[in-house]
Amino acid sequence: MSSTTFGSVSFNSGWLRKHGTLSSNSRQCDGSLLRVRASVASSPQSLRSTKEKIDASEKSVRIGVLGASGYTGAEVVRLLANHPHFGITTMTADRKAGQPIGSVFPHLMTQDLPAMVAIKDADFSNVDAVFCCLPHGTTQEIIKSLPKQLKIVDLSADFRLSNINEYEEWYGLPHKAPELQKEAVYGLTEVLRGKIRNARLVANPGCYPTSIQLPLVPLIKAGLIELRNIIIDAKSGVSGAGRGAKEANLYTEVSEGLHSYGITKHRHVPEIEQGLSDASHSKVTVSFTPHLMPMSRGMQSTIYVEMAPGVTTDDLYLELLSAYKDEVFVRLLERGVVPHTRHVRGSNYCFMNVFEDRIPGRAIIISVIDNLVKGASGQALQNLNLMMGFPENMGLDYQPLFP
Ligand SMILES: NC(=O)C1=CN([C@@H]2O[C@H](COP(=O)(O)OP(=O)(O)OC[C@H]3O[C@@H](n4cnc5c(N)ncnc54)[C@H](OP(=O)(O)O)[C@@H]3O)[C@@H](O)[C@H]2O)C=CC1
Ligand SMILES: CC(=O)N[C@@H](CCC(=O)OP(=O)(O)O)C(=O)O
């Protein structure tokens, strides 16, 4: 097979046939792989000829992804590749600003995407809506500084708690945008879609709270379970902790074992209790223990509840079946079938089921999600679809990746 050389980079003829010829501009350049790739990507005979790609400018809604160099930002970018109306026009990063996304996340290199810039250099004049995928604490001031006409889905915890004092207590941080907190709508789609549809700023739920509230809210609303003694044993993949380097997330610290963390103190406790208390119109307190599992993505919540007098697990099952009968993404498995995290991997589904405990009057509910999809970026896209008047599942019809 013949080959062509540009600077230090050599391409075989098969590669050139598949991806198109290089522009004369690239022939004159220093041959760095990135510049060559950029010119190939913009060539009319390049990827477009083998796989038709829709340019962001051809899509009707222009999207900014803040924190595109993180796990949830990258997941938003992956999901948007299949969205017919949302096109990414702006992407930001912090330490990785200036790098092409394909060098940070090679799995995204096949998309035509703008370069990642620092937030201070981002141009929001060509943006209609933003996914804010930044750490909590840093998010409030950044959102405060964004143009007011932008629709925003914030994936951080900064606007999830309606009580600012509770935020400051559990997060140990002062809240820097209390006025925006009043405006924010909590984004548990299946429960609050009426409000989400009209919102400008949506606080996307945390992953644990999503997996826990989806089964419990309908059961509490129907008065089928007692509000005391709700015990939640939850497990998460390590991507839940983000991509930033932390000693606790080293391979040696998380592989070949599992461990609990945040016992009684995890910052998702007030978020879970807020959702369940809203559903019951009274204060609900839960016992919640998260665990870190040696897997990259996935989340299971195993929830032990006391049923109301005379209620059976059949009643719980039928209530959940009825609550979610018209939902695309929340599904009850056949009776007796155990949900696994691997059944929802890469998808926006929440699968759940109800089992009878050996202790009379108690039930065990199992709920699984992919923490990066229904637990973060997928639900965020579901919410933005609603906010922009599109079908909720647009761009989200991914089948789970199994095994
Ligand atoms: N991971 C998960 O499963 C879930 C995460 N969330 C929440 O979503 C948000 C993002 O999480 P995740 O993607 O996992 O986090 P990552 O740590 O993987 O990514 C964080 C992103 O924010 C950027 N960033 C960090 N600090 C700053 C700063 N001071 N100014 C501007 N940009 C900054 C990083 O840029 P760079 O890398 O270039 O430095 C990176 O792009 C968090 O609030 C998280 O709690 C919510 C639900 C689930
Ligand atoms: C495994 C792991 O570390 N998970 C994170 C929760 C991820 C999530 O939903 O986070 P936010 O509330 O920050 O959005 C944690 O326990 O803090």
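This is a predicted model: local features need pLDDT of at least 70, side-chain atom pairs count only at pLDDT 80 or more; totals for chains, interfaces and linings use all residues.
## Ground rules and confidence

Residues count from 1 along each chain as its sequence is written, while chains are lettered from A and ligands numbered from 1 in the order written. Local features need pLDDT of at least 70 and side-chain atom pairs count only at pLDDT 80 or more, but totals for chains, interfaces and linings use all residues.

The chain's mean pLDDT (the predictor's confidence in each residue, from 0 to 100) is 89, with 86% of residues at 70 or more. Over residues 1-51, though, pLDDT stays under 50.

Strands pair if DSSP finds at least two bridges between them.

Strand 8 runs parallel to strand 9 (residues 201-203), joined by two bridges; Val 185 has Val 202 as its bridge partner in strand 9.

## Two crossing helices

Helices here are DSSP runs of H or I, at least four residues, numbered from the N terminus. The axes (lines fitted to C-alpha atoms over the stretch in contact, with angles from 0 to 180 degrees between N-to-C directions) of helix 11 (residues 207-221) and helix 15 (residues 373-387) come within 8 Å and cross at roughly 95°. That makes the two helices roughly perpendicular (65 to 115 degrees).

Technical notes
Angles under 35 degrees count as roughly parallel, over 145 as roughly antiparallel, 65 to 115 as roughly perpendicular and the rest as oblique. Two residues are in contact if their C-beta atoms, placed from the backbone, lie within 7 Å.
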